[in-house]
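Here are a few exercises to work through with the structure open beside you. Try each task before you read its solution.

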Amino acid sequence: MRASFICVNKMGCRLLWIIVAFTLISMGESKKSTGESCHPDDLMGLISFKAGIRIDTSGRLERWVGRSCCKWEGISCDNTTGRVTQLLLPGFISTDVSILQTQMKGSLSPKITLLTSLQVIDLSELSFITGNIPTSIGFHLPNLRKLYLLRNKLSGPIPESIGKLSKLEEIILSENRFSGSLPLSLGNLKNLNRLLLDSNQFSGAIPDSLVNLTILVVLDLHHNYLNGHMPAKIGELQVLEQLDLSENLLSGKIPVSLTNITTVQDIDLSNNSLEGEIPFPSCSGQMPFLRFLALHHNHLTGRIPPALGYLVSLQRLYLENNKLNGPIPSSLGNLSDLRELYLSGNRLSGLIPIAFSRLSQLINLNLSNNLIRGLPHEMSSLQNLQTLTLSFNPLNFSSIPKWMAELPSISQIYMAGCGLQGEIPEFSNHLTGSIPSWLGGLSQLYLLNLSKNALVSEIPDSITRLHELGVLDLHSNKLTGSIIEVFKMGSILPGGSLRYIDLSHNSFSSGIEQIGAGEQHGIEFLNLSHNFLKGRLPTSIGRLELMRSLDLSHNELGFNLPESLGIKPVYRKIPDGYLMLRKLKELDLSDNLLVGQILMALAPCKP
């Protein structure tokens, strides 16, 4: 609108323009003042929050000065009303060069509910915020959409009034000390898509009302004390992608309705007391996107359902430590994307299906502590297998299977207590192009455990080529000859890769002089007990400065002990620089032919 002025005279016109200009300036100042100052309730709520915090390592709160709270760090306001809409003070702060972790110590003020226009509260990962969620939160924050309080020390129950916050989309209260039952009113939050209450102290049953959250994408209640049965109609959560109820006290059967969730990708029900049979899937096409299924450490019974082979997207399957029995279904060989398969600690029997040879992506296979009687040689085609655990099965092997030499990626083999007999064989190893003993061809091997078997033979000299071996456990066999090859092992690492060696309870007789003489100086645990080792301990043992446990008992070692162990012959003083093995905590030299005395207490030892 254009203003029109009729001036009777020059003086009057000038006066009128002055009045208009003053009015316009006043209006502008008024508008500016509205944009910069806080609403009294918002100001009171923020000042009370600040007063409850004793320590703020980020320094953000100390910069909250004056009354223009919309300019304070971590505060956002509505441009029209000037009311505070976001309180954003997370513990992790991103900068141009790094991410900083900050902390706050203090208590959450209940007056935070004065900020009645809040849409987002983010006080996550501040570590030391205590207090409770205000009981009246549902009556005062009707616009709240996101509530992030994870990784603090907040306690108490979730208020029943939270069910009135109809606009809530995300609740993340993980890793606090919240307790009590989950309120039934959570089922009223029809806009909720993420509910993460894990790692708290919640107890009681999971409310059946949660199945009303029909757009929920993530439900994580793991690591609490929730008990009772899972909601029977949990399958009504039609868009759920992640379900984690692990590490609770849940009992009863797994609801069949789970198969109705076509979008689910991850299911973790492990570490509960669930019982009965595995009920899903019942037919092809169900749960087509399921990648992760963890049912371990429960009381599940019956057989592994062949229908698991329909879960074509499955990458990780954990069924260990249940009461499953019968044969392993060959249909598991259809899981072409499977990376990890854990079936240990059950009562599974029979042979491993030949169909397992089709699991081309398999990395970890654990079948230990079952009643498995054999493995097909076709498993040699598992080109990506890194860890194979077969311990404590009545395997029908006359010797270690030769097909294991054809596993190019293998790094760990566990075959303890498998009743193995015979020699460690030598055969054509296609990994290096030569014809060495098979062990030397497993160039990436980190752990070799063949303990508690009936192996006879000497340690093959090819073992010196295992340059990445960290753990060697051959105890409780009938191995003979020299241990010299173990300590002649090369390494690509300074100080060597070996950390743990157990050759006890065999019939080794020589090679003691090589200890500490080669490249392996990083050994921390060495057990050579219960053999027939003869000779004198070399002074080179003092090079094993990281040694924590040394057991040479029950051998035929003679002569005096080396000064590197801090021991000199009879009537000689322990040298000032004794005990080069300063980290040694366990030493057993009993039942040998050693002479001499230890004349001084080990007081100079350093921790």
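Predicted model: local features only at pLDDT ≥ 70, side-chain atom pairs only at ≥ 80, totals over all residues.

Residues are numbered from 1 along each chain as its sequence is written, and side-chain values use heavy atoms, with hydrogens and water left out.

**Exercise 1.** Find the disulfides (pairs of cysteine sulfur atoms within 2.5 Å) and describe their links.

*Solution.* 
- Step 1: Count them; the structure holds two.
- Step 2: Take cysteine 38 and cysteine 69, joined with S to S 1.6 Å. Their link is right-handed, with 100 degrees about the S-S bond. Cysteine 38 lies in the loop between helix H1 (10-36) and H2, and cysteine 69 in the loop between strand S1 (53-56) and S2, 31 residues apart; helices (H or I, at least four residues) and strands (E, at least two) are DSSP runs, numbered from the N terminus.
- Step 3: Turn to cysteine 70 and cysteine 77, joined with S to S 2.0 Å. This link is left-handed, with -100 degrees about the S-S bond.

**Exercise 2.** Is cysteine 418 buried or exposed?

*Solution.* 
- Step 1: Recall the cut-offs: buried means under 20% relative accessible area, exposed over 50%, partly exposed in between (1.4 Å probe, protein chains only).
- Step 2: Cysteine 418 has a relative accessible area of 2%, so this residue is buried.
- Step 3: Cysteine 283, at 35%, is therefore partly exposed.

**Exercise 3.** Which residues does isoleucine 171 contact (heavy atoms within 4.5 Å), leaving aside its neighbours within four places in sequence?

*Solution.* 
- Step 1: List the partners, which include Leu147, Ile162, Leu186, Leu189 and Arg194.

How values were computed:
Contact = heavy atoms within 4.5 Å.
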